[in-house]
Amino acid sequence: FATIVEAVREGRNIVDNIRKFLRYLLSSNMGEVLTVFLGVVGASVIGLSSGTGAVVLPLLATQILWLNLITDSWPALAMGMDPVTDDVMARKPRPLTERVIDARMWRGILEIGLVVALSALLTMDMYLPGGLIEGQSDLPTARTAGFTVLVFAHLFNCFNARSETTSAFHQLFVNPWLWGALALSAALQVAVVHVPLLNIAFGTTPLSIYQWMVCVAMGSNVLWYSELRKLVLRRWSR
């Protein structure tokens, strides 16, 4: 019987980690898709246009590839190393007809993706001349800032994706692999922004300390929104 209990525990943990992986990847990629889509549709609103009036893409193709490389690989794999949660054996058995991605999970994916996109586009608007917020910087700086916000939003989203209802601050340091993956991703993003050769390859430009602080703060919006959403879900389920 002890072996059966341990097998059930491990099986539930595997399902949990699969859901974490899917929740993280789908919500992060949704943020990228919505950033490009809303950036094109609302280009005139945020001042994202060239001198000739042509619409300019909020992200370059190389930047999207970089996002997928450093935020969709190591952090997502590291989440698979999460230990078993405290309440894994206190839950009721899952119905056989229950989907891995249910309706509530899809709503969360769409909501998080929208928050990520709006945070990135609002940051770009802050640095672009015209738009909702009058900025004083050029397009490369605004695009680099929006690109950096997306990277940090994805990294903060790692903590959100570990549970649909439990706070991201619960057992925050139980997975050293995840922290290592996040540190590596953040260091590579700093390199892309400040190494001249990578500036040319990825269309980025160096940011000031203040601009970095703004990017990290805007990227953290996804964490605070998710915490509020989880609080509502916990109160609703009582």
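A cavity is a set of points on a 1 Å grid over the protein atoms alone where a 1.4 Å probe fits but cannot get out. Its volume is the space filled by probe spheres set on the points, with grid points joined across faces, edges and corners.

This is a predicted model: local features need pLDDT of at least 70, side-chain atom pairs count only at pLDDT 80 or more, and totals for chains, interfaces and linings use all residues. Residues are numbered from 1 along each chain as its sequence is written, and side-chain values use heavy atoms, with hydrogens and water left out.

**View 1. The largest cavity.** About 130 Å³ of space lies in this cavity. A search of the whole structure finds one cavity of 30 Å³ or more. Two or more lining residues come from each of α1 (2–41), α5 (103–127), α6 and α10 (221–237). With five residues, α5 gives the most. By class, the lining holds four nonpolar, six polar and five charged residues. Here Ala, Val, Leu, Ile, Met, Phe, Trp, Tyr, Cys and Pro count as nonpolar, Asp, Glu, Lys and Arg as charged, and the others, Gly among them, as polar.

**View 2. The chain as a whole.** The chain has 10 helices and zero strands. Helices (H or I, at least four residues) and strands (E, at least two) are DSSP runs, numbered from the N terminus. The C-alpha trace spans about 70 × 35 × 25 Å along its principal axes.

**View 3. Helices α6 and α7.** The axes of α6 (residues 139–161) and α7 (residues 176–194) come within 11 Å and cross at roughly 180°. Axes are lines fitted to C-alpha atoms, for helices over the stretch in contact, and angles run from 0 to 180 degrees between N-to-C directions. The two helices are therefore roughly antiparallel (angles over 145 degrees). Contact means heavy atoms within 4.5 Å. Among the contact residues are Phe147, Val151 and Leu155 of α6 and Leu178, Leu182 and Val192 of α7. The contact has 12 nonpolar, four polar and no charged residues.

**View 4. The second largest pocket.** A pocket is an open set of points with protein on both sides within 12 Å along at least five of seven lines. About 170 Å³ of space lies in this one. Its lining includes Phe152, Phe156, Phe169, Trp179 and Leu223. Helices α6 and α7 each supply at least two lining residues. The lining has 12 nonpolar, no polar and no charged residues.

Conventions: Angles under 35 degrees count as roughly parallel, over 145 as roughly antiparallel, 65 to 115 as roughly perpendicular and the rest as oblique. On a 1 Å grid over the protein atoms alone, a cavity is a set of points where a 1.4 Å probe fits but cannot get out, and a pocket is an open set with protein on both sides within 12 Å along at least five of seven lines; lining residues have an atom within 4 Å of a point.
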